[in-house]
Amino acid sequence: MAFPRQHRTKLHSTNPIERLNKEVKRRADVVGIFPNETSITRLIGAVLFEQNDDWQTASRYMMGEAFAQIDHEEIDLILSIKAA
């Protein structure tokens, strides 16, 4: 509950992970059969690297400015729990 209110709904969602897994599967299906484990690791690493670049440069799923609020103490009035 220490995360900013605008991020709480996004933190419990698995949509980004499911989308990433679907992209890895799509790329692996194109290749079909991998000759060894190293080739699988290279492909998945490339997909993850590309996705990381997209997440950093595209419209952000969670805005970085709100993360600055995490360090500040706030009281959640709905749950009456002091978040640190």
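Here are some notes on this predicted model, point by point.

1. Ground rules. Residues are counted from 1 along each chain as its sequence is written, and side-chain values rest on heavy atoms, with hydrogens and water left out. As this is a predicted model, local features need pLDDT of at least 70 and side-chain atom pairs count only at pLDDT 80 or more, while totals for chains, interfaces and linings use all residues.

2. Confidence. The chain's average pLDDT (the predictor's confidence in each residue, from 0 to 100) is 76, and 61% of the residues score at least 70. Helix α2 comes out highest, with a mean of 89, while strand β2 (residues 81–83) is lowest, at 53. Where pLDDT is low, the predicted coordinates should not be read in detail.

3. Layout. You'll find four helices and two strands here; helices (H or I, at least four residues) and strands (E, at least two) are DSSP runs, numbered from the N terminus. Going along the sequence, the order is α-α-α-α-β-β. Take contacts (heavy atoms within 4.5 Å) between residues at least 6 apart in sequence: 65% of them join residues at least 24 apart.

4. Surface and burial. The chain has 84 residues, and 17% of them are buried. The cut-offs for that word are relative accessible areas: buried is under 20%, exposed is over 50%, and partly exposed is in between (1.4 Å probe, protein chains only). Accessible areas come from the Shrake-Rupley method with a 1.4 Å probe, and for residues only the protein chains shown count as cover.

5. Side chains of opposite charge can pair when their charged atoms come close. The rule here is a side-chain nitrogen of Lys or Arg within 4 Å of a carboxyl oxygen of Asp or Glu, and by it the count is four salt bridges. Which partners does Glu 23 have? One is Arg 26, with the closest N and O atoms 2.8 Å apart; another is Arg 27, at 3.0 Å from N to O. Glu 23 and Arg 26 are three residues apart in helix α2 (residues 15–31), so about one helical turn separates them. Glu 23 and Arg 27 are four residues apart in α2, so they too are separated by about one helical turn.

6. More on those charged residues. Arg 26 is partly exposed at 47% relative accessible area, and Arg 27 is partly exposed at 23%. Together with Glu 23 and Glu 50, Arg 26 and Arg 27 are linked in a network of salt bridges. Lys 25 and Asp 29 also pair up, at 3.1 Å from N to O; both lie in α2, four residues apart, about one turn of the helix. Lys 25 is exposed, at 52%.

7. Helix α3. Ile 44 sits in this helix (residues 37–57) and is partly exposed, at 31%. With Ile 40 and Leu 48, Ile 44 makes a nonpolar surface patch of about 210 Å². Patches are made of residues with over 30% relative accessible area and no salt bridge, with like charges joined within 9 Å and nonpolar side chains (Val, Leu, Ile, Met, Phe, Trp, Tyr) within 5 Å.

8. Ser 39. This residue is also in α3. Is Ser 39 buried or exposed? Ser 39 is buried, with a relative accessible area of 11%. A polar atom of the Ser 39 side chain lies 2.7 Å from the backbone oxygen of Asn 36.

Notes
Polar contact = N/O pair within 3.5 Å; in protein donor to acceptor, adjacent residues only side chain to side chain.
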